[in-house]
Protein chains: 2
Amino acid sequence: MSAVGIRQVAEHAGVSPGTVSNVLNRPEKVSASTRARVEAAIRELGFVRHASASTLRAGHSKTIGLSVIDIGNPFFTDVTAGVEDLASDRGYAVLLSNSAGSRSKEERNLLVLAEQRVRGVLITPSDESPDSLDRLRDRGINVVLVDHPAHRPDQCSVAVNDIVGGQTAVSHLLSGGASRIAYVTGPLTIRQCMDRRLGAERALRGRPLRTVEMPTMNPRAGQQAAEKLLSEGDLPDAVFCANDLLALGMLRGLMHAGVRVPDDIALIGYDDIDFAAASAVSLTSIRQPTYQLGRVAAELLLDECDNPGTHAHQQIMFQPELIVRESTR
Amino acid sequence: MSAVGIRQVAEHAGVSPGTVSNVLNRPEKVSASTRARVEAAIRELGFVRHASASTLRAGHSKTIGLSVIDIGNPFFTDVTAGVEDLASDRGYAVLLSNSAGSRSKEERNLLVLAEQRVRGVLITPSDESPDSLDRLRDRGINVVLVDHPAHRPDQCSVAVNDIVGGQTAVSHLLSGGASRIAYVTGPLTIRQCMDRRLGAERALRGRPLRTVEMPTMNPRAGQQAAEKLLSEGDLPDAVFCANDLLALGMLRGLMHAGVRVPDDIALIGYDDIDFAAASAVSLTSIRQPTYQLGRVAAELLLDECDNPGTHAHQQIMFQPELIVRESTR
DNA sequence: GGGGAGTTCTAAAACGTTTCAACGCAGATT
DNA sequence: AATCTGCGTTGAAACGTTTTAGAACTCCCC
């Protein structure tokens, strides 16, 4: 098997194992000539470092974990891309785990990450889950919250202001002449859904907001919400969906029933995923700096890992941006 | 820090470290009473096993790698779900890595997986890349190809017949009365794109197939392809897109130009992603058993890992299925 | 009460790296 | 010529598990 370790490399290059290790980890400490010799040996023997042994002895790995709620949602895919790019710049590997909306799966994934002794974890928590994260931190695993503001000052987080986002969305609908507005959302236990509604209500200043709460946030649920709205009668003249997947389903449901968008009902989504611009009636949406979100989160985490002394915890809050397209014209 | 290891647990429970290890790995070898005592100690101390130490000593990990081409494509998301479900059933963790279409990123990811000493790798190769995979196998890392038939009998693979898929798609268009058909595809160096074209040509029996080759396979590229078709004049009466992302972009591009789908041009995609059913003109597509693909691939891999003696290599080929929707009615 | 067969547990040796004190050796400084 | 400095290298200990041979017990039968 892979019987070629640092030891064999050392022998082949005529140096001690310690020197090979130095070539690997602190090449500047080794003279150019021996370094070249060792590197040649590594190449010739096809040596691949044993990460477990390295982690075991060094006490830490060059790995971070990323736990997302739904890898099927393009929003998280973009976040992931940002994280991976920055991590690989810095020489870290990313362990990606998907909780698929299940609390228990999230717990299990975090346990795996803890067993792997990752250096830190980026997580979009599925709900307020302080205990399991605190347990990680107790073990010396740094944690940065993604798309979720930290409540504590000793915790980094990167988020986007969802209240402002909700407010912007509904203000836009109002300025387009809408007056009877519906909010189609996922579970209101999800902070993002709740905050976006808060923002919507703020824009409405006391006028009523009809809320349709669905258990999931995919196109199917959006279409069902459309059917529900249609069957209940008393149609709204504008619909605000808590994400674009819901909005795309809503769009399809409305068009199927012969409702014209935006003429009969204006429609706005959230996240500005790629498909939002590509749908037949292109979707007005609230854009978030998704890729940046991941990238900055990773930056904070790796700073915390690499410079534990000087690291200053930050709670970063981005602002969302209105993207107007056909569905509200 | 995490100063609590197997040793502390042993002390706390009044047994030897070896016994704790047995409780963890071969609980049936330990008497019920001591097992209970050890398990209590584990819980009380909050012990988390150090995966690196375990891997180092045992010589293998409970981890497999999954390397996909584009995690942003819902097709791969579904495959991933299948893999993760089966792996976690079997007590394995999955290291997910995304090559984002880049050959060098794929290489780098495979190196990371090799360093982690994963038990095996599931990979959708970005092209015919025998060398790096052979190197993995030389190291004792099992490899199963996903969505790519193996050319060698000593290699497992799971794929879907793309030639049949292409043939089915174009036959369907022909039976709908189309005669001038265009094929919009990603790079023809990608086996899937090439095979689907082969199938299309087979259905055409020598009649010409106009091919538009784009460098990427996302909605943006699809829309550009539409613009290209429109600007070149001499419109086809049906378009077959090599995947649904291209088809959705094509749909939008056509509608924007006032072309009616399916009345002026019929349109068919490939993969049957969720968004295909949810688009404004719902998309006829070729469905693949995506989730199954991942699940069966994982099953083959873990069988190879856990029963190296009795394992029989298999090349499994699924058949695709035509899903008719509005875009070809 | 001696001895074989099970059962349950222990002790110590690995696994492949990293780390660190110590060493040798060149050139610079007294 | 003796001493100091600093660089480059070495050797061995350590990281936290798993694994193996075998020790310690219990039970049972002659």
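These legends describe close-up views of a predicted model. Residues are numbered from 1 along each chain as its sequence is written, and chains are lettered from A in the order in which they are written. Local features need pLDDT of at least 70, side-chain atom pairs count only at pLDDT 80 or more, totals for linings use all residues, and side-chain values use heavy atoms, with hydrogens and water left out.

**View 1. Packing of helix α5 (residues 74-89) against helix α13 (residues 290-306) in chain A.** The two helices (DSSP runs of H or I, at least four residues) pack at an angle of about 40°, with their axes, 7 Å apart, being lines fitted to C-alpha atoms over the stretch in contact.

**View 2. Residues in the contact of α5(A) with α13(A).** The contact residues divide into ten nonpolar, three polar and five charged, where Asp, Glu, Lys and Arg count as charged, Ala, Val, Leu, Ile, Met, Phe, Trp, Tyr, Cys and Pro as nonpolar, and the others as polar.

**View 3. The largest cavity, with a volume of about 120 Å³.** On a 1 Å grid over the protein atoms alone, a cavity is a set of points where a 1.4 Å probe fits but cannot get out, and lining residues have an atom within 4 Å of a point. The lining includes L248, F275 and S279 of both chain A and chain B, and α11 (244-256) and α12 (274-278) of each of these chains supply at least two of its residues. Ten lining residues are nonpolar, two are polar and none is charged.

Methods: Axes fitted to C-alpha atoms, helices over the stretch in contact; angles between N-to-C directions. Contact = heavy atoms within 4.5 Å. 1 Å grid on protein atoms, 1.4 Å probe; cavity = no way out; pocket = protein on both sides within 12 Å on 5 of 7 lines; lining within 4 Å. Points joined across faces, edges and corners; volume = space filled by probe spheres on them.
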